[in-house]
Amino acid sequence: MKTLQHILALSIIGIMLWACGSSPLKDTSNTNEEPVVIANDSLEYEIIIIDPGFTTYLNSIAKPEGYYSQTYLENKNRLYVITWNYRARNPLQFNPNIYENVIDYSPHIDYGYEVNYKLFNYFEFAQRKYKMSLGAGSTQFNR
């Protein structure tokens, strides 16, 4: 009888431990994310961003379109592009996996709101993701 009580007690403890165990986490790193295309058809200008996580950032963390003025976005993008291009041209000094391409962005061309909005948010996303600063007064990611 005593053996039966021990088996029953061990079984109950085992079931409780099994029930309290954590369930496996779903691996979301393999989800296919569509590239974000930044384009202005009238200028034949296009940037394709394939950095995983940018679409999620754009849809959930970034301020909504219309939050910033186009002038604000253009000014920030000019500064970000200067830093980005410097780093892209110096792959021995900066990670070439981050700064893969030089961005052709002219302050004399009106790319429109959407291009400036998405480009600005990509720079903000990259600073957050890669824990770096592109300057331009961005203090948001220096926490």
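Start with the whole protein chain in cartoon view. It holds four helices and two strands. Follow the sequence and the pattern reads α-β-β-α-α-α. Remember that this is a predicted model.

Of its 143 residues, 32% are buried. Contacts come next. Among those with a separation of 6 or more, 63% join residues 24 or more positions apart.

Hide the surface and show the rings of Phe, Tyr and Trp. The count comes to 17 aromatic pairs. Select Tyr68 and Tyr72. Why is this pair called stacked? The ring centres are 4.9 Å apart and the planes meet at 10°, under the 30 degrees that stacking requires, so the pair counts as stacked.

Stay on these two residues. Is Tyr68 buried or exposed? Tyr68 is buried, because its relative accessibility is 16% and the cut-off is under 20%. Tyr72 has a relative accessible area of 35%, so it is partly exposed.

Tyr68 and Phe120 form an edge-to-face pair, with 5.0 Å centre to centre and 65° between the planes. This pair links distant parts of the chain, 52 residues apart. Tyr68 sits in the loop between helix 2 (54-60) and helix 3 (70-88), while Phe120 belongs to helix 4 (residues 113-129). Both Tyr68 and Phe120 are buried.

For the last stop, select Lys63 and Tyr67. Lys63 lies over the face of Tyr67, 5.2 Å from the ring centre.

Key. Residues are numbered from 1 along each chain as its sequence is written. This is a predicted model: local features need pLDDT of at least 70, side-chain atom pairs count only at pLDDT 80 or more; totals for chains, interfaces and linings use all residues. Side-chain values use heavy atoms; hydrogens and water are left out. Buried means under 20% relative accessible area, exposed over 50%, partly exposed in between (1.4 Å probe, protein chains only). Contact means heavy atoms within 4.5 Å. Rings of Phe, Tyr and Trp (its six-membered ring) pair if their centres lie within 6.5 Å; planes under 30 degrees apart count as stacked, over 60 as edge-to-face and the rest as tilted. A charge sits over a ring if NZ of Lys or CZ of Arg is within 6 Å of the ring centre and within 35 degrees of the ring normal.
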